[in-house]
Amino acid sequence: MSYNTGLIGLGNMATALIEGWIKKGRNPKEIIGFDIKRERCEFLKRRFDIEIADRIEEISAKMVIIAIKPQDFSTLNLDLPVDTLIVSIMAGVPIRKIEEVFDKNPVIRVMPNLLCSINKSFIPFACNEKVSKSDREFFIPIFRDFGEVVEIKESLMNIMTALNGSGPGFVAYLIEAFTEAGVYNGLAYDTALKLTLSIFEGTAFLLRENDISPNSFRIDVTSPGGTTSRGVWVLEKSGLKGAIYDMLRVSGERAKELENS
Ligand SMILES: NC(=O)c1ccc[n+]([C@@H]2O[C@H](COP(=O)([O-])OP(=O)(O)OC[C@H]3O[C@@H](n4cnc5c(N)ncnc54)[C@H](OP(=O)(O)O)[C@@H]3O)[C@@H](O)[C@H]2O)c1
């Protein structure tokens, strides 16, 4: 039997994809998954009631998503019909490497993030030349369930991996720092965390809703000689912005290194 969507690798990211689809009302019976860890298969069967393949060879679907670690790709032993749309979410694995295994198939490389589970991701994707108009018309609505879908040049994929793929981890780190600073200055942990989450969520919402640039918003809320101005002075002196530029650069370089893993 052929399914709409096959998933190879049922780890964190595959779980986020399935969760996002189910929240949008997708029928779990359209999805078949396989993982070398039986407990992952059983867990996802129990949690979402998707179909599970006993062996990788049983994966048959119009679109097969490869959601294993980049380091495991070279061990993947999978033969799929040439009209199967291959979608890879693996960090750092270029389309040309995927074509070495699936040389006749349409291939789409995507870089989502864990926010797919709450339908708040951004979905950049790049295609090989075998991807047809109808492949795109099939892929886009399914991935639009997670958020805005945008086609990009593959050369931008490593920086997308750093900013979009790892972004939630970086932001969680900043939330951790704000919370700990609140505790250091006398707030209870729960209060500091609640407050910090509301500031991050509310500020992002306000900038987006009102289409304001972060810079003009900050200038608006920074009164001369005031509290924000005093705090920003410390951030400027500490070189935080430079550290964030470096964070993104080295994270993108790490994605590039994965090409050769
Ligand atoms: N997590 C993120 O935030 C994120 C964001 C964007 C993209 N990605 C990409 O998404 C992919 C998956 O990441 P993840 O965090 O979900 O990893 P993960 O939690 O480690 O899940 C991968 C799963 O695939 C299994 N697996 C390994 N080789 C397999 C094979 N040949 N056939 C079937 N299953 C196999 C693994 O089992 P073992 O543990 O036994 O190896 C594991 O259960 C990665 O390529 C990553 O770069 C992740």
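Reply: Let's start with Asp49, which lies in the loop between helix H2 (38-48) and strand S3 (51-52). Helices (H or I, at least four residues) and strands (E, at least two) are DSSP runs, numbered from the N terminus. Residues are numbered from 1 along each chain as its sequence is written. This is a predicted model, where local features need pLDDT of at least 70, side-chain atom pairs count only at pLDDT 80 or more, and totals for chains, interfaces and linings use all residues.

Me: Why is Asp49 called partly exposed?

Reply: A residue is buried if 20 or more other C-beta atoms lie within 10 Å of its own, exposed if 12 or fewer, and partly exposed in between, with C-beta atoms placed from the backbone. Asp49 has 13 C-beta neighbours inside 10 Å, so it counts as partly exposed.

Me: What makes the phi of Asp49 worth a look?

Reply: Most residues other than glycine have a negative phi. Asp49 is not a glycine, yet it has a positive phi of about 65°. Asp211, also not a glycine, has a positive phi of about 50°.

Me: Where is Asp211, and why does it count as exposed?

Reply: Asp211 sits in the loop between H7 and helix H8 (214-221). With 6 C-beta neighbours inside 10 Å, Asp211 counts as exposed.

Me: And what makes Gly92 buried?

Reply: Gly92 has 22 C-beta neighbours inside 10 Å, so it counts as buried. This glycine is in the loop between strand S5 (85-88) and helix H3 (95-101). Not counting residues up to four places away in sequence, Gly92 touches Pro70, Asn158, Thr161, Ala255, Lys256, Leu258 and Glu259. Contact here needs C-beta atoms, placed from the backbone, within 7 Å. Gly92 and Leu258 are 166 residues apart in sequence, yet 5.0 Å apart in space, C-alpha to C-alpha.

Me: Why are H5 and H10 called oblique?

Reply: Helix H5 (residues 157-165) and helix H10 (residues 240-257) pack at an angle of about 125°, with their axes 8 Å apart. That makes H5 oblique to H10, because angles under 35 degrees count as roughly parallel, over 145 as roughly antiparallel, 65 to 115 as roughly perpendicular and the rest as oblique. Axes are lines fitted to C-alpha atoms, for helices over the stretch in contact, and angles run from 0 to 180 degrees between N-to-C directions.

Me: Which residues of H5 meet H10, and which residues of H5 are buried?

Reply: Asn158, Ile159, Thr161, Ala162 and Leu163 in H5 meet Leu248, Ser251, Gly252, Ala255 and Lys256 in H10. Buried in H5 are Met157, Asn158, Met160, Thr161, Ala162 and Gly165. Their cover includes strand S6 (107-110), strand S7 (121-127) and H10.

Me: How do you know that H6 is oblique to H7?

Reply: Helix H6 (residues 167-184) and helix H7 (residues 189-210) pack at an angle of about 135°, with their axes 8 Å apart. That makes H6 oblique to H7.

Note on methods
Two residues are in contact if their C-beta atoms, placed from the backbone, lie within 7 Å.
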